[in-house]
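This report describes selected contacts in one protein structure. Please keep the sequence and the model in view while reading.

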Amino acid sequence: MTVPLSVLDLASVYEGMSNREALHQTIETATVAEALGYRRFWVAEHHGMPAVSSSAPAVLIGAIASATSTIRVGSGGVMLPNHSSLVIAEQFGTLSALHGDRIDLGLGRAPGTDQLTSSVLRRGAGADSVDDFPNQVVELLAWFGTIPPLENGIGSRVVAVPGLGDSPELWLLGSSDFSARLAGLMGLPFAFAHHFAGGPNTVRAFDLYRSSFTPSVILREPHAMVSVSALVADDRADAERLALPNALTFVRMRQGARPARIPSLAEAQRYPWSPAELEWVAERNSQQAIGDLTHVSQRIAELVNVTGADEVILAPQGPDLETKLRTLRDLSS
């Protein structure tokens, strides 16, 4: 690969698996990724989703950072409107104080859950808290001391401890024009969620980010990363077969089904796929990197070419840990 590769792990919980097993598999994946030379290892905030056990990113990041020594560890991302900016500054300031310059704080403005769970998380703050996202990002920069204190006393009369002087590497994440433009205007690194929001929006987001970029104390030039789902198998047919459990999870989500753990490969193969569902899965797979090693490598290279991304973060797919680790091993070589 011509650009650095990283890993986005969703702490996947499969049918019949406990959260403990899922979290320990995520930590194991991080140690393998570090040994293979991947640059970053990120986990994402989700709530009320039985298939994803990373509801507390800061806690999980601390465990991963303690189990590794060189790979950057962070969030992809923390859903900032769910939290007080001071709490996030203290959490990630603590992580930076403990682990030095290895911590990344990727920020998103989506809830990472359904509306009811979101309202409970935000204690009735409602959707308006999303509109306040840019102000929250500015607050974080002041809490960390990256910019001068704000007029309301953030960073001066009220100080984040740890936090002030213990700044992680800050990223804005997104799957829309809004996040791309905001990251550019604020002069921050930008990561686009192509792994679930692929299509024409991907190239548009990168173009908007670069066209709106304004140099800042953090970046003098734009720096962007693209995420992509990846699965390497012996051939394309086998890769598409191994990707069926994840595909079925997405299909059920689109149909409004109650969230559940990721189905087994046997269950996904038994599922009565309709022609429309199979067509949707095929289209989604074509936008990701699923196939034999040659195809997956070419697909990632194509994505870098059309986006101009400076980095790629892989979201490894598969019905089990070994399938995911094979993808990481094959692509690292």
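In this predicted model, helix 6 (residues 133–144) packs with helix 7 (residues 177–186) at an angle of about 35°, and the axes of the two helices are 12 Å apart. The crossing of helix 6 with helix 7 is right-handed. On the side of helix 6, the contact is made by Phe133, Pro134, Val137, Val138 and Leu141, which meet Phe178, Leu182 and Met186 of helix 7. By residue type, the contact of helix 6 with helix 7 comprises 8 nonpolar residues, no polar ones and no charged ones.

The next topic is the pairing of aromatic rings. A pair of aromatic rings is described by the distance of the centres and the angle of the planes. The structure holds 7 aromatic pairs, and two of them share Phe190.

| Aromatic pair | Type | Centre to centre | Angle between planes |
|---|---|---|---|
| Phe190 and Phe192 | tilted | 6.4 Å | 55° |
| Phe190 and Phe206 | edge-to-face | 6.2 Å | 65° |

Which parts of the chain does the pair of Phe190 and Phe206 tie together? Phe190 belongs to strand 6 (residues 190–192) and Phe206 to helix 9 (residues 200–211), so this pair ties together parts that are 16 residues apart in sequence.

Are the residues of these pairs buried or exposed? The limit for a buried residue is a relative accessible area under 20%. Phe190 has a relative accessibility of 0% and therefore counts as buried. Phe192, at 2%, is likewise buried, and Phe206 is buried with a relative accessible area of 0%. Ring pairs also join Phe190, Phe192 and Phe206 with Tyr209 and Phe213 in a cluster.

Ser96 is located in helix 3 (residues 85–99). With a relative accessible area of 8%, Ser96 is buried, because that value falls under the 20% limit. When residues up to four places away in sequence are not counted, Ser96 touches Ile103, Asp166, Ser167 and Pro168.

Notes:
Residues numbered from 1 in each chain as written. Predicted model: local features only at pLDDT ≥ 70, side-chain atom pairs only at ≥ 80, totals over all residues. Heavy atoms only, no water. Axes fitted to C-alpha atoms, helices over the stretch in contact; angles between N-to-C directions. Helix = DSSP H or I, 4+ residues; strand = E, 2+ residues; numbered from the N terminus. Left-handed = near helix turned anticlockwise from the far one by under 90°. Contact = heavy atoms within 4.5 Å. Nonpolar A, V, L, I, M, F, W, Y, C, P; charged D, E, K, R; others polar. Phe/Tyr/Trp six-rings, centres within 6.5 Å; stacked < 30°, edge-to-face > 60°. Buried < 20%, exposed > 50% of the residue type's maximum accessible area, 1.4 Å probe, protein only.
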